[in-house]
Number of protein chains: 2
Amino acid sequence: MSKGIISKDEDYSQWFNDLVIKADLAEYAPVRGCMIIKPYGYSIWEKMQAALDKMFKDTGHSNAYFPLFIPKSFFSKEASHVDGFAKECAVVTHYRLKNDGEGNIIVDEDAKLEEELIVRPTSETIIWHTYKGWIQSYRDLPLLINQWANVVRWEMRTRLFLRTTEFLWQEGHTAHATAQEAVAETEQMLEVYADFVENWMGVPVVKGRKTANERFAGALDTYCIEALMQDGKALQAGTSHFLGQNFAKAFDVKFTTKEGTLEHVWATSWGVSTRLMGALIMTHSDDAGLVLPPKLAPIQVVAVPIYKHDEELENIRTYIKGLSAELRAKGISIKFDDRDTQRPGFKFAEYELKGVPLRIAIGSRDMQNGTVELARRDTRTKETVTQDGLANHIEQLLEDIQTNIYQKAFKFREENTTEVDTYDEFKRLLDEKPGFLSAHWDGTPETEQRIKDETKATIRCIPLNNKQEEGKCILTGNPSTQRVLFARAY
Amino acid sequence: MSKGIISKDEDYSQWFNDLVIKADLAEYAPVRGCMIIKPYGYSIWEKMQAALDKMFKDTGHSNAYFPLFIPKSFFSKEASHVDGFAKECAVVTHYRLKNDGEGNIIVDEDAKLEEELIVRPTSETIIWHTYKGWIQSYRDLPLLINQWANVVRWEMRTRLFLRTTEFLWQEGHTAHATAQEAVAETEQMLEVYADFVENWMGVPVVKGRKTANERFAGALDTYCIEALMQDGKALQAGTSHFLGQNFAKAFDVKFTTKEGTLEHVWATSWGVSTRLMGALIMTHSDDAGLVLPPKLAPIQVVAVPIYKHDEELENIRTYIKGLSAELRAKGISIKFDDRDTQRPGFKFAEYELKGVPLRIAIGSRDMQNGTVELARRDTRTKETVTQDGLANHIEQLLEDIQTNIYQKAFKFREENTTEVDTYDEFKRLLDEKPGFLSAHWDGTPETEQRIKDETKATIRCIPLNNKQEEGKCILTGNPSTQRVLFARAY
């Protein structure tokens with residue numbers, strides 16, 4: 001099959017887009033900036049959701065559902081929050097269409113809303129309005145809630161999965177009796193995200209904090225995980241916010257302490273989105289197509305029969321049936337592709353494109369010899385192995401693949417993380433060898449902004465447990481006590 | 001605890017509302033007609049989703065995701081569809097807010113959309129627009145896709161779960177090569193729904209077809225399942241539509257047949273929603289609170305310790321720990337409520353309210369005697385049983401409860417389904433003994449409409465495999481060949 005994917009070395013951005021389309025992950029919708037997540041792409045997202053949802057529940061969170069619409073007045077209650085989101089929100093103004101009498105369907109001006117509704121770009125305001133009714137006493141705390149939902153941000157420049165007008169995500173919103181507990185929750189959820197992204201997606205991340213400039217609108221502190229894509233650009237993979245008492249104050253949410261005093265509640269929020277699909281694709285894939293980590297692959301193993309006569313196929317089918325039962329007992333999914341409309345070579349290319357971690361090719365000679373041919377997607381290597389103990393071998397291989405793609409990505413990140421001490425070197429590397437640049441910064445928003453304006457590089461994060469060292473800001477030469485991580489980013 | 005729920009005999013409608021609120025299932029949002037699904041309610045919905053999703057996948061369907069917004073022009077392409085939904089849709093007209101300079105956040109008139117976007121009330125139009133790109137040949141068929149999503153219909157009179165402006169649902173949208181296959185799919189999904197509603201929710205349903213008046217806007221045939229609530233009103237619990245070629249023609253979706261001809265595709269769509277939560281609550285619950293079927297109960301068994309001294313509690317805890325492990329191995333969820341802030345009686349009332357199917361009470365005397373007290377929520381009966389083989393006994397009891405609540409609801413429906421032969425009797429029963437009324441109808445939309453106008457009763461369905469018998473229409477006396485099912489409905 002002709003894959004129709006440009007080489008990633010030639011045009012990384014186009015390669016990503018081609019891959020998303022050709023591998024049947026998603027496509028643009030006829031609505032500006034929105035996407036359609038196709039069944040194959042959605043099945044990966046479902047696996048992500050299931051793993052994350054379990055992690056949230058294991059850490060004591062429950063799911064709930066809040067409205068899609070937020071009254072405009074709510075939105076305005078937390079000042080920096082509205083500043084952050086007002087410029088990019090979809091506004092519902094009417095609740096009816098009508099026929100204009102000439103066969104045209106038009107908006108019915110008699111059905112204008114008294115107060116406009118905002119399609120949620122995030123749900124802090126409506127949730128904190130609700131929490132006011134749910135929280136009276138310290139006994140009601142902590143309140144640990146998550147929501148799986150769609151949100152809308154009217155982005156001007158959109159890209160499939162990475163930045164779309166509507167996207168799917170989860171948003172956790174928790175309430176606590178003390179600042180300390182809220183900070184602990186913020187940090188715990190960052191760890192949950194890092195665990196998921198590294199151990200399920202195979203994507204190494206740097207855990208850190210955002211600078212004031214890059215914080216979530218309404219947060220006192222934003223923690224993040226940052227990943228490095230193969231083109232040397234960074235991607236923010238998840239954020240966890242310590243919101244202090246900002247929303248509790250804006251929505252008047254107080255609780256009676258054990259001691260009988262009345263205090264505002266402390267808050268966190270945290271989220272990851274379908275953007276993770278973009279990170280997954282961009283971290284591991286190659287010019288032949290997707291490379292999926294076994295833990296998230298909708299099909300983990302595919303078996304392709306190679307035969308001329310129907311009786312050969314039946315022998316192979318019988319064998320694969322037995323193997324499938326063994327694999328399923330181990331929780332491994334296998335697909336037997338016995339389509340007679342496509343040749344083996346076409347199927348090989350198709351499963352490579354789709355990122356299936358392991359491919360079994362099996363023909364009559366294999367059946368005689370008691371062997372199969374195994375091809376790994378990650379290394380694109382093949383081996384002929386005996387059928388004895390094959391299920392165990394496959395189980396081991398899938399674990400190896402999961403580990404290997406992580407290590408490969410980790411090595412790439414290490415090789416593309418550079419300590420830089422001068423602004424010239426900083427600018428040169430951004431163009432010649434983009435990646436994470438670890439550099440001293442004087443800690444001011446002005447310097448950060450100037451570097452961004454001049455180089456398009458932003459401070460991705462101040463890594464957690466950062467080494468303290470004396471140094472001079474690459475731009476101003478002013479004293480600095482630690483390096484921070486810069487990069488151009490998605 | 002004071003439950004604050006009115007008796008259902010006194011005011012059924014208020015009883016339902018009280019129950020939804022007091023059992024922590026949902027509450028009204030500050031957005032007109034929208035609801036907030038609280039964690040306990042959402043955990044029931046999650047169980048429904050998981051069971052349905054598995055049934056959809058077992059019948060060959062995949063999930064995907066389509067945009068929230070539908071361009072107005074799409075909406076207008078299928079004439080009866082737009083007629084059906086235009087009067088109740090939320091319209092997005094702008095994509096930005098701004099500060100008016102005096103501190104007010106207002107809609108930015110410079111950010112007016114060229115074409116208004118409709119918040120999906122259902123997704124046929126955007127999905128069929130997309131299918132045009134996905135379907136070229138008979139090899140692309142059948143296309144079997146489902147979407148879990150939120151939809152918005154601007155209802156004037158709303159009720160928690162039963163009719164809300166925004167609700168959660170799934171919508172299946174399939175494409176087929178022949179009318180016959182599409183009809184078979186429509187019928188298959190009706191069976192899936194009936195299976196789920198009866199065997200998971202414990203709610204008996206009548207399977208049937210809608211009359212032309214009651215069909216989905218754009219369908220050639222609408223199949224439905226109808227349930228009877230405890231107040232004698234019917235509730236449509238799910239629908240499955242044969243859409244013929246209406247949407248394929250509106251969106252020009254054609255395929256090349258095996259024979260090389262070009263034909264329009266045949267379509268179905270089918271959906272159930274959070275309305276099922278309303279059916280679940282209203283079918284089984286009583287004045288003491290919810291009654292949940294074990295298969296959907298977030299907590300299937302609760303154990304409440306009765307003790308004075310901490311060491312007694314520790315003995316009980318040790319015992320329950322062992323029991324829990326046994327139950328979990330059977331896939332049964334158990335909660336041990338060892339809160340020391342509430343008395344056992346308060347806890348009993350709380351779990352009754354929450355509909356937990358089985359309650360274990362266990363005190364020191366039980367520990368000495370090797371017994372526990374078991375209380376069934378459905379029958380409100382108690383028994384003292386030995387600890388020997390308790391896990392097996394509980395497993396059996398949960399199955400009994402699942403069966404019993406279905407049978408109780410089935411008996412209620414049988415007792416409240418009446419054959420009626422005169423219009424006077426029909427009207428009298430609607431007021432005195434509401435329920436399903438099986439009556440002859442002359443088959444005309446005019447008669448159906450007049451009966452609806454005069455009595456508020458509608459034809460819920462023409463049951464599948466309906467007995468054919470000669471009769472006379474209760475309103476017009478015109479000849480009829482079968483009885484249809486009337487009721488007042490939610």
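Visitor: What does Lys57(B) form a salt bridge with?
Guide: Glu46(A). The closest N and O atoms are 3.0 Å apart. A salt bridge here is a side-chain nitrogen of Lys or Arg within 4 Å of a carboxyl oxygen of Asp or Glu.

Visitor: How many salt bridges are there between chain A and chain B?
Guide: The count is two. The side of chain A that touches chain B has 40 nonpolar, eight polar and twelve charged residues. Ala, Val, Leu, Ile, Met, Phe, Trp, Tyr, Cys and Pro count as nonpolar, Asp, Glu, Lys and Arg as charged, and the others, Gly among them, as polar.

Visitor: Before we go on, what should I know about the model?
Guide: It is predicted: local features need pLDDT of at least 70, side-chain atom pairs count only at pLDDT 80 or more, and totals for chains, interfaces and linings use all residues. Residues are numbered from 1 along each chain as its sequence is written, chains are lettered from A and ligands numbered from 1 in the order written, and side-chain values use heavy atoms, without hydrogens and water.

Visitor: Back to the interface. How many residues are in contact?
Guide: 60 residues of chain A contact 60 residues of chain B. Contact means heavy atoms within 4.5 Å.

Visitor: And what area is buried between the chains?
Guide: About 4,900 Å², with carbon and sulfur atoms giving 70%. Buried area is the accessible area (1.4 Å probe) that two parts lose on being put together, summed over both.

Visitor: Which strands join chain A to chain B?
Guide: Strand S5 (residues 91–94) of each chain. The two run antiparallel, joined by three bridges. Val92(A) stands opposite Val92(B), and Val91(A) faces His94(B). Strands pair if DSSP finds at least two bridges between them. Strands (E, at least two residues) and helices (H or I, at least four) are DSSP runs, numbered from the N terminus.

Visitor: What sheet do they sit in?
Guide: An open one of six strands, in the order S4(A)-S8(A)-S5(A)-S5(B)-S8(B)-S4(B), with antiparallel pairing. Strand S4 (69–71) of chain A and strand S4 (69–71) of chain B are its edges, each pairing on one side only.

Visitor: How do S20(B) and S21(B) pair?
Guide: Antiparallel, over five bridges. They form a hairpin with five residues between them. Arg380(B) in the turn has a positive phi of about 55°.

Visitor: What about Arg380(A)?
Guide: Arg380(A) has a positive phi of about 55° too, although it is not a glycine. Most residues other than glycine have a negative phi, and most peptide bonds are trans.

Visitor: Where is the peptide bond cis in chain A?
Guide: From Leu141(A) to Pro142(A), with omega near -5°. Pro142(A) is in the loop between helix H5 (124–134) and strand S9 (143–152) of chain A. In chain B, the bond from Leu141(B) to Pro142(B) is cis, with omega near -10°.
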